[in-house]
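Good morning, and thank you for coming.

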Amino acid sequence: MKVAIVHNSEEKSKQVTKQLTTLLEQNQIQIDNRQPELVISVGGDGTLLSAFHRFNHLLNEVSFLGVHTGHLGFYTDWRDYELKELVESLCIHHEKSTSYPLLDVRIRFRDGKPDKHFLALNESTIKRGNRTMVGDVFIKDELFERFRGDGLSISTPTGSTAYNKSIGGAVLHPSINAFQLTEIASLNNRVFRTLGSPIVIAHTEWLEIKLQESDDYFVTVDQLDIYQENIASVCYRIADERIHFASYRHMHFWHRVKDAFIGED
């Protein structure tokens with residue numbers, strides 16, 4: 001097995017990475033940061049997002065596994081004090097994996113520039129500086145509504161517990177092959193009207209947000225900020241690619257949700 005390790009800049013994560021590297025080498029597990037079969041992130045959910053974007057050109061060849069150095073995260077099954085057990089499981093157990101949907105993001109321009117294409121693990125947002133954003137929401141090429149407000153968030157099921165939840169979106173189980181559109185502070189009155197509720201869109205459908213002409217839009221894809229001029233529209237659909245998580249030990253999704261947001265009585 002060839003393993004890559006991605007860690008954040010925290011001192012604790014660096015120490016854990018050093019310990020993990022030693023244990024892997026002692027068990028004849030090769031460290032390969034270019035063509036790995038397994039990518040281990042050490043840190044938090046943000047670190048795993050970084051690892052995903054670093055290796056998303058190898059999604060058909062790699063699986064991901066998270067080691068958390070803080071509180072339990074949604075993408076991390078192992079704690080920093082369980083490194084020995086983790087490495088033992090890599091040596092003993094035959095790997096199984098579970099896969100989750102990704103979001104295909106395509107930015108189109110007015111000036112004829114080539115489209116920009118991205119994959120998102122959590123979500124993508126569209127906003128417009130300090131002014132009201134106006135965008136026509138098309139579902140399968142049919143106009144659904146004209147949105148006015150601070151912006152729009154489009155999330156995957158695994159991303160539904162992140163920014164999406166904080167703006168009133170629904171929590172979706174990651175086995176659901178769909179994505180979600182959630183409004184950010186929509187403007188609703190007697191003149192302007194949107195649905196005002198999160199929309200869950202099937203994998204057989206697609207979404208296009210056509211924007212009024214302006215140069216102050218910015219798009220996010222997970223933790224990446226994308227500032228581009230002359231954006232005409234942003235298109236979303238469920239990607240053909242999926243992310244695979246190594247399930248040597250995998251915590252049930254609803255247990256994660258309860259642990260993160262409700263806790264024990």
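**A buried strand residue and its surroundings**

Let us begin with L38, which is buried because its relative accessible area is 1%; buried means under 20% relative accessible area, exposed over 50%, and partly exposed in between, with a 1.4 Å probe and protein chains only. The model is a predicted one, in which local features need pLDDT of at least 70 and side-chain atom pairs count only at pLDDT 80 or more, while totals for chains, interfaces and linings use all residues. Residues are numbered from 1 along each chain as its sequence is written, and side-chain values use heavy atoms, with hydrogens and water left out.

L38 belongs to strand β3, residues 38–43. Helices (H or I, at least four residues) and strands (E, at least two) are DSSP runs, numbered from the N terminus. Which residues does L38 touch, not counting those up to four places away in sequence? They are M1, K2, V3, A4, S63, F64, L65, L90 and A246, where contact means heavy atoms within 4.5 Å.

One of these partners, A4, sits in strand β1, residues 2–7. A4 counts as buried because its relative accessibility is 0%. Leaving out residues up to four places away in sequence, A4 touches D32, N33, P36, L38, V39, I40 and F55. A4 and E37 are 33 residues apart in sequence, and their C-alpha atoms are 7.9 Å apart in space.

Let me now turn to the whole chain. The protein chain has five helices and 16 strands. Its C-alpha atoms fill a box of roughly 65 × 50 × 35 Å along the principal axes. Buried residues account for 49% of the 265 residues. Of the contacts between residues at least 6 apart in sequence, 71% join residues at least 24 apart.

Next, the cores. A nonpolar core is a set of buried Ala, Val, Leu, Ile, Met, Phe, Trp, Tyr and Cys residues joined through side-chain atoms within 4.5 Å. The largest one has 27 residues, and L207, I209 and Y236 have the most contacts inside it. Strands that each supply at least two residues of this core include β6 (97–109), β10 (142–155) and β16 (231–246). A second, separate core has 20 residues, among them A51, F52, Y75 and I243. Returning to I209, its contacts beyond four places in sequence include I126, M133, L152, V234 and Y236.

What of the helices? The axes of α1 (residues 11–26) and α3 (residues 83–92) come within 10 Å and cross at roughly 35°; axes are lines fitted to C-alpha atoms, for helices over the stretch in contact, with angles from 0 to 180 degrees between N-to-C directions. V16, Q19, L20, L23 and L24 in α1 meet L83, K84, L86, V87 and L90 in α3.

Finally, two loop residues. Q28 lies between α1 and β2 (30–31) and has a positive phi of about 55° although it is not a glycine. Q28 is exposed because its relative accessible area is 68%. D141, in the loop between β9 and β10, has a positive phi of about 70° and is likewise not a glycine. With a relative accessible area of 54%, D141 is exposed. Thank you for your attention.
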